[in-house]
Amino acid sequence: MWGAPFSAETKKMLLLGSGELGKEVVIEAQRLGVETIAVDRYDHAPAMQVAHRSYCIDMLNAEALKDLIRKEQPDFIIPEIEAIATEALLELEQEGFRVVPTARATRLTMDREGIRRLAAEELGLPTAAYRFADSLEELEKAVQELGTPCVVKPLMSSSGKGQTVCRAPEEASASWNAALEGARAIATRVIVEAFVEFESEITLLTVRSSSGTVFCPPIGHIQKDGDYVESWQPHFMNEEQLIQAQQIAKRITDELGGYGLFGVELFLTREGVIFSEVSPRPHDTGMVTMVTQDLSEFALHVRAVLGFPVTGVELLTPGASATLKADEITASYMIQGVPEALALPRTQVRIFGKPETKVGRRMAVALSAASSVEEARQTATQAANLLKVEVNHVK
């Protein structure tokens, strides 16, 4: 084991990205005595509010990133967002730093082109048909080839930013502009995917640890504009679907390597299970595990990263999550309706404490447990609807 934080014997965990998911990772790491450092591009990010210390830097600046990590000498570097100079992480890993799960996995999964080519072209996993485009003219050609509707995404973005459904050829220009505006880095390349007629979409949380690979019960979710608004666990799957989903998840995570929790997104279709994306870290839809499992996705991630065994995951109860999002920009706001939401049975609320709102920004989540998924979904949605971002309009 290791000593107390700030001692010579401590273990240090440095997060690159300090949002609401990183906040829970920091809390779980501190429960095991780890010294935590939160880094983000803006001050007072959620994880910064609970970490032992924090830094505000441009994480796309490779030299600034390397200087900070060499200064702190962390035992674990955990990338939590996409906008990171991944080439710097590759260099740091060669110097002996440990990037979670690996620098290669981070680089591939933060680039939709890299992970899609790996999954479809190298591993032969079932995916939607796709094209890449570097200009509006190339996008228009891709739309023509794949047909409409199709989905247009930036190669690097988070929470659905820049993602649109192009429903007619004349909408290509609007999709191109939206993708460029929503990208997390300066880029003019997009991925165009054929629209998948799916029955449902799930997240299969997959944990690679010193004791092997285990899977959490599947999580169903609903997205709006590419960002999740509701999730529930367990999502019903027949035995054949579950086996196929686990096989796909294990193949992609084995190829990426390293220890930690991966969020594998999959489509369930009449023709079978189709791979969509993978994140090498806790997933936003997995916040529901804070009320459903004996160990949340954050606890599982930290255990695996630290090298501890993860031998299984127990589902304690069905549950659901529903999000609260802001609809305008302000640095002066309050979350209303918390007492009313907490009055609902078996319901919790997590307020993220972000320093400012943005249109569509996730500000809180309601979590509900119940005897059935249906009941949990109804209660979580009711709780989220009771919550409101109240803007302080100072004149």
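What follows is a short tour of a helix, a hairpin, a cavity and some loops.

First, some ground rules: this is a predicted model, in which local features need pLDDT of at least 70 and side-chain atom pairs count only at pLDDT 80 or more, while totals for chains, interfaces and linings use all residues. Residues are numbered from 1 along each chain as its sequence is written, and side-chain values use heavy atoms, with hydrogens and water left out.

Let's begin with helix H1, residues 20-31. The names used here come from DSSP runs, numbered from the N terminus: helices are H or I runs of at least four residues, and strands are E runs of at least two. H1 has 12 residues and spans 17 Å from its first C-alpha to its last, close to the 16 Å expected at 1.5 Å a residue (the expected span is 1.5 Å times one less than the number of residues). How much of H1 is covered? Mostly covered is the answer, with nine of the 12 residues buried. Here, buried means under 20% relative accessible area, exposed means over 50%, and partly exposed is in between, using a 1.4 Å probe and protein chains only. After H1 comes Gly33, with a positive phi near 80°.

Now jump to the hairpin made by S13 and S14, which has two residues between its strands. Strand S13 covers residues 260-269, and it pairs with S14 in the antiparallel sense over seven bridges (two strands pair if DSSP finds at least two bridges between them). Leu268 sits opposite Val273 of S14. As for S14, eight of its eight residues are buried.

Gln241, in helix H8 (residues 239-256), touches Glu199, Leu268 and Val273, leaving out residues up to four places away in sequence. A contact here means heavy atoms within 4.5 Å. Gln241 counts as buried because its relative accessible area is 16%, under the 20% limit.

Stay on S14 and find Ser276.

Rolling a probe the size of a water molecule over the atoms shows where empty space is left. On a 1 Å grid over the protein atoms alone, a cavity is a set of points where a 1.4 Å probe fits but cannot get out, and lining residues have an atom within 4 Å of a point. Grid points are joined across faces, edges and corners, and a volume is the space filled by probe spheres set on the points. There is one cavity of 30 Å³ or more, and the largest cavity holds about 40 Å³. Which residues line the largest cavity? They are Arg112, Ile115, Arg116, Glu193, Ser276 and Glu277. Helix H5 (112-122) and strand S14 (272-279) are the elements that each give two or more residues to this lining, and H5 gives the most, with three. The lining divides into one nonpolar, one polar and four charged residues. His44 lies in the loop between strand S2 (35-40) and S3, and its phi is near 65°, a positive value in a residue other than glycine. His44 counts as exposed because its relative accessibility is 55%. Ser54, found in S3 (residues 53-56), is partly exposed at 34% and touches Ala38 and Met48, not counting residues up to four places away in sequence.

One runs from Val100 to Pro101, with omega near -5°, and Pro101 lies in the loop between helix H3 (86-94) and helix H4 (103-109). Another joins Gln233 and Pro234, with omega about 0°, and Pro234 is in the loop between strand S12 (227-233) and H8.

Notes
On a 1 Å grid over the protein atoms alone, a cavity is a set of points where a 1.4 Å probe fits but cannot get out, and a pocket is an open set with protein on both sides within 12 Å along at least five of seven lines; lining residues have an atom within 4 Å of a point. Ala, Val, Leu, Ile, Met, Phe, Trp, Tyr, Cys and Pro count as nonpolar, Asp, Glu, Lys and Arg as charged, and the others, Gly among them, as polar.
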